[in-house]
Amino acid sequence: SSRMRIDDPESAGGGLPTGIAGRAMKGLSLRARLSLWCVVVVFAVLAVFAGDVLVIQNRISLRRVDQELEDTRLQLTNMLREELNELDAPKLAAEESSNVITSSDHPIAVLTDSGELLATRFETPSLSEILPAGTPDEGVRTVETVYGAWRVQVRRERFDQAAMVLVVASPLNAVARDQAEMREAFLLGM
């Protein structure tokens, strides 16, 4: 009778080539191999979790900065409305309002609807580094400058006498610092 011969993959010289990792795993007991795989899976899950937390923390930080920009813009809008109601010229109203509202962390600019500058408190970076020339598009965006990343909000406001473009910005260095600290904490924790 003819029998079919089946090679034993566990025998010397048989089976698939294993390489260094395979030979190392072969030398370990089943319990050790299962423990090692469990550690690898747990580490992978922790790494995915840490990445997810970093993304969520970044979004929350940007939302906080956006809310600060919105609050500053609303203050500026109310101040401009008050100044214009006192029958100030738009340029004078913009200058007086920007003098009262601006801070080093939230520089502002007021432009006409056509993009002509009425008042600005941008120093470093300058307004031209934050916004392209011409009439800027409305919205909130992150702008990279040589001084770091800035979050910029541009909104058009209609007043009785005129329409103006309000620009409010905030540096993102605190957000970047928080992200770096979170990454460091995760790396130390793992």
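Mentor: Contact here means heavy atoms within 4.5 Å. The model under discussion is predicted.

Trainee: Which residues does Leu80 touch, not counting residues up to four places away in sequence?

Mentor: Leu80 is among the residues with the most contacts inside the largest nonpolar core. Leaving aside residues up to four places away in sequence, Leu80 touches Ala93, Ala94, Ser97, Val110, Phe159, Met164 and Leu166.

Trainee: Which element gives the most to the largest nonpolar core?

Mentor: The largest nonpolar core has 20 residues.

Trainee: How many residues does the second, separate core have?

Mentor: This second core is separate and includes Ala109, Phe122, Trp150 and Ala169. Its number of residues is 13.

Trainee: Is Ser98 buried or exposed?

Mentor: Ser98 is placed in helix 3 (residues 90-101), and its side chain reaches the backbone oxygen of Glu95 at 3.0 Å. Not counting residues up to four places away in sequence, Ser98 touches Leu76, Ile108, Ala119 and Arg121. Buried means under 20% relative accessible area. Because its relative accessibility is 0%, Ser98 counts as buried.

Trainee: Does Trp37 count as buried or exposed, and why?

Mentor: Trp37 lies in helix 2 (residues 30-85). Together with Leu28, Leu36 and Val40, Trp37 forms a nonpolar patch on the surface, with about 370 Å² of accessible area together. The cut-off for exposed is over 50%. Because Trp37 has 52% relative accessibility, Trp37 counts as exposed.

How values were computed: Residues numbered from 1 in each chain as written. Predicted model: local features only at pLDDT ≥ 70, side-chain atom pairs only at ≥ 80, totals over all residues. Heavy atoms only, no water. Helix = DSSP H or I, 4+ residues; strand = E, 2+ residues; numbered from the N terminus. Buried < 20%, exposed > 50% of the residue type's maximum accessible area, 1.4 Å probe, protein only. Polar contact = N/O pair within 3.5 Å; in protein donor to acceptor, adjacent residues only side chain to side chain. Patch = residues over 30% accessible without salt bridge, like charges linked within 9 Å, V, L, I, M, F, W, Y side chains within 5 Å. Areas by Shrake-Rupley, 256 points an atom, 1.4 Å probe, with all protein chains shown as cover. Salt bridge = Lys/Arg side-chain N within 4 Å of Asp/Glu carboxyl O. Core = buried A, V, L, I, M, F, W, Y, C linked by side-chain atoms within 4.5 Å.
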